[in-house]
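Student: I have not looked at this one before. Can you walk me through it, starting with any term I need?

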Amino acid sequence: MANLRPRPGILEIEPYVGGKSELAGATRVIKLSANESALGPSPKAVAALQAAATTSHRYPDGDAAGLRAAIGARFQLDPARIVCGAGSDELIQLLMRAYAGPGDEVVYSAHGFLMYKLSALGVGAVPVAAPERQLRADVDALLARLGSRTRMLFIANPNNPTGSYLSADELARLHEGLPEDVLLVIDAAYAEYVRSNDYTAGIELVDRAGNVVVTRTFSKLFGLAALRLGWLYGPPAVVDVLHRLRGPFNVGTPAQVAGIAALEDLDHQERSRAHNDRWLPWLARALTELGLRVHPSIANFVLVEFEVGGPRTAAAASAWLESQGIIARPMGAYGLPHCLRLSIGLEAENRAAVESLREFVT
Ligand SMILES: Cc1ncc(COP(=O)(O)O)c(C=O)c1O
């Protein structure tokens with residue numbers, strides 16, 4: 001029998017479980033478990049995708065030059081400092097492989113996006129969680145976790161699953177507290193939804209420092225989660241390292257052409273944003289009126305607390321919702337077993353979720 005042993009850390013990984021999308025026996029499923037775009041992709045992106053099908057025998061442009069130019073134009077950034085990836089998940093993993101290894105420490109916020117911990121383990125690094133205050137990242141606690149072995153610090157802003165964020169000032173303070181040889185990764189997957197004036201995705205920090213990168217995605221506001229498309233803006237030296245490490249064709253042609261079309265469809269982006277502007281506060285209010293504690297969110301989902309014991313736990317709520325064809329996201333993997341996360345859906349979906357929970361709590 002073979003005696004194959006994976007590298008240390010890998011067997012500590014509990015594989016990431018995505019939001020369920022099917023329920024046995026249910027004909028109507030309302031999926032509010034993966035923070036996807038309620039309105040779906042731009043029709044222009046769909047048309048571009050369909051048109052690309054006939055050239056599926058050709059390798060993609062390995063440089064994603066057209067896509068990087070389109071991202072640069074849309075966000076006023078130098079395309080030479082953009083790296084595209086198969087979702088921002090791939091970029092997180094590439095950064096981890098590039099800058100952390102066995103024994104190194106990677107700091108993240110305790111209820112931060114799960115992939116930071118999982119990808120740190122994947123390279124044999126030690127994930128170090130900093131405690132939060134009321135489900136908000138705490139700059140002092142993050143800085144207090146730095147040590148001589150710290151190589152990277154990951155912060156999702158806004159954070160999934162809490163929906164909370166660090167202000168521009170807090171983010172700058174976090175950066176100021178980091179040694180120059182620690183890479184700050186600002187994961188701004190939900191940046192396009194944010195309306196708060198004191199928020200920044202962190203682009204200006206990248207411009208002023210050599211140790212900051214910002215990751216972004218097409219999986220949320222742009223509605224292209226199935227295509228796996230993310231991008232990163234970073235200092236030239238980091239960009240150079242990632243190009244050496246990434247697969248030569250890591251982003252397929254369908255993702256590239258759909259991404260360009262989605263970027264150009266400003267109307268669809270605005271519709272998706274306006275939809276969230278309307279239904280995020282509506283859902284938060286409606287659930288609060290049911291007596292549930294809803295954490296303030298500036299993204300496209302809310303984190304909802306349930307009773308820790310008794311008949312109305314989060315697990316019972318999840319089972320009840322699923323019995324009605326509604327899928328929420330249980331939060332046990334995030335150390336929040338008393339919470340569920342609900343993404344903003346279409347109007348009828350949001351209303352159905354609230355009605356179902358009304359029956360649950362009464
Ligand atoms: C904070 C955060 N970062 C990254 C991702 C991964 O996104 P992608 O689909 O680009 O891999 C997600 C997905 O839910 C997320 O919530």
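Tutor: A residue counts as buried if its relative accessible area is under 20%, and as exposed if that area is over 50%; between these it is partly exposed. Keep in mind that this is a predicted model.

Student: Then is Leu135 buried or exposed, and why?

Tutor: Leu135 is buried, because its relative accessibility is 13% and the cut-off for buried is under 20%. Leu135 sits in the loop between strand E4 (126-130) and helix H5 (139-144).

Student: What about the phi of Leu135?

Tutor: Leu135 is not a glycine, yet its phi is positive, about 60°. Most residues other than glycine have a negative phi.

Student: And what is the phi of Asn35?

Tutor: Asn35 also is not a glycine, and its phi is positive at about 50°. The loop that holds Asn35 runs between strand E1 (30-31) and helix H1 (43-52). Asn35 has a relative accessible area of 1%, so it counts as buried.

Student: OK, peptide bonds. Which bond has an omega of about -5°?

Tutor: The bond joining Asn157 and Pro158, which is cis. Pro158 belongs to the loop between E5 and helix H6 (168-176).

Student: And which bond has omega near 20°?

Tutor: That is the bond from Asn160 to Pro161, and it is cis. Pro161 is in the loop between E5 and H6. In general, most peptide bonds are trans.

Student: New topic. How many cavities of 30 Å³ or more are there?

Tutor: The count is three. The largest cavity holds about 80 Å³ of space. It is lined by 13 residues, and those closest to its centre are Ser109, Ala137, Ile155, Ala156 and Asn159.

Student: Which element gives the largest share of that lining?

Tutor: Strand E5 (residues 150-156), with three residues. By class, the lining of the largest cavity is made up of seven nonpolar, five polar and one charged residues.

Student: Now the ligand. Which residues come nearest to it?

Tutor: There are 13 residues around the ligand, and the nearest are Ser88, Asp187, Thr217, Ser219 and Arg228. Helix H3 (residues 87-99) contributes the most to this shell, three residues. The shell divides into four nonpolar, five polar and four charged residues.

Student: What lies 2.6 Å from an oxygen atom of the ligand?

Tutor: A backbone N or O atom of Ser88. For Asp89, a polar backbone atom is 3.0 Å from an oxygen atom of the ligand. With Thr217 the side chain takes part: one of its N or O atoms is 2.5 Å from a ligand oxygen atom.

Student: How much of the ligand's accessible area does the protein cover?

Tutor: The ligand on its own has 390 Å² of accessible area, and the protein covers 94% of that.

Student: Back to Ser219. Where is it?

Tutor: Ser219 is in the loop between strand E7 (212-217) and strand E8 (230-233). Its relative accessibility is 7%, so Ser219 is buried. The side chains of Ser219 and Arg228 make a polar contact at 3.5 Å.

Student: Last one, Arg358. Which helix is it in?

Tutor: Helix H12 (residues 347-361). Arg358 is partly exposed, because its relative accessible area is 37%. The side chain of Arg358 makes a polar contact of 3.1 Å with the side chain of Glu355.

Student: How far is Arg358 from Glu289?

Tutor: In sequence, Arg358 and Glu289 are 69 residues apart; in space, C-alpha to C-alpha, they are 9.4 Å apart.

How values were computed
Residues numbered from 1 in each chain as written. Predicted model: local features only at pLDDT ≥ 70, side-chain atom pairs only at ≥ 80, totals over all residues. Heavy atoms only, no water. 1 Å grid on protein atoms, 1.4 Å probe; cavity = no way out; pocket = protein on both sides within 12 Å on 5 of 7 lines; lining within 4 Å. Points joined across faces, edges and corners; volume = space filled by probe spheres on them. Helix = DSSP H or I, 4+ residues; strand = E, 2+ residues; numbered from the N terminus. Nonpolar A, V, L, I, M, F, W, Y, C, P; charged D, E, K, R; others polar. Near = heavy atom within 4 Å. Polar contact = N/O pair within 3.5 Å; in protein donor to acceptor, adjacent residues only side chain to side chain. Areas by Shrake-Rupley, 256 points an atom, 1.4 Å probe, with all protein chains shown as cover. Buried < 20%, exposed > 50% of the residue type's maximum accessible area, 1.4 Å probe, protein only.
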